[in-house]
Amino acid sequence: MVHGDQVAVASTQGQVALINASTGQDVWRLNLNTPIQAGVSGDGQRFAVITQTNEVVAIEAGKVVWRYALSAVSLTPPLVAGGRVFVLSADRTVTALDGASGQKIWAQQRTG
């Protein structure tokens, strides 16, 4: 994920990093100590990933700010935009979470 002069990357082993694209140096690097299921997304300030235990993890300035347990598997990266984190689950539910607190704002499920 690219935002301005910064690139956010994540590994399946649980490493998340924000890298300065001009210098190649880390802005920050964090080990979540849990495998990542779906890659990183962010808005330049807040970033989010989904772990293999179906947990959304929000990160700011290289620190975990909140975690949210999903009720179903999510295989796509979350979308971080407008102060919110949006997640699409395999059960066709879109969940909107408050970016600052991780509280669920709403969820909508489409029938299969």
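Me: Is valine 64 buried, exposed or partly exposed?
Reply: Valine 64 is partly exposed, with a relative accessible area of 34%. Buried means under 20% relative accessible area, exposed over 50%, and partly exposed in between, with a 1.4 Å probe and protein chains only.

Me: What are these values based on?
Reply: The model is predicted; local features need pLDDT of at least 70, side-chain atom pairs count only at pLDDT 80 or more, and totals for chains, interfaces and linings use all residues. Residues are numbered from 1 along each chain as its sequence is written, and side-chain values use heavy atoms, with hydrogens and water left out.

Me: Where does valine 64 sit, and which residues does it touch?
Reply: Valine 64 belongs to strand E8; strands (E, at least two residues) and helices (H or I, at least four) are DSSP runs numbered from the N terminus. Leaving aside residues up to four places away in sequence, valine 64 touches Leu30, Leu32, Val57, Ala58 and Ile59, where contact means heavy atoms within 4.5 Å.

Me: Changing topic: what is the phi of alanine 61?
Reply: It is near 50°, a positive value in a residue other than glycine. Most residues other than glycine have a negative phi.

Me: And where is alanine 61?
Reply: Alanine 61 lies in the loop between strand E7 (55-60) and strand E8 (63-69), and it is exposed, at 61% relative accessible area.

Me: What about the phi of arginine 92?
Reply: Arginine 92 has a positive phi of about 70°, although it is not a glycine. Its place is in the loop between strand E10 (84-88) and strand E11 (93-98), and arginine 92 is partly exposed, at 39%.
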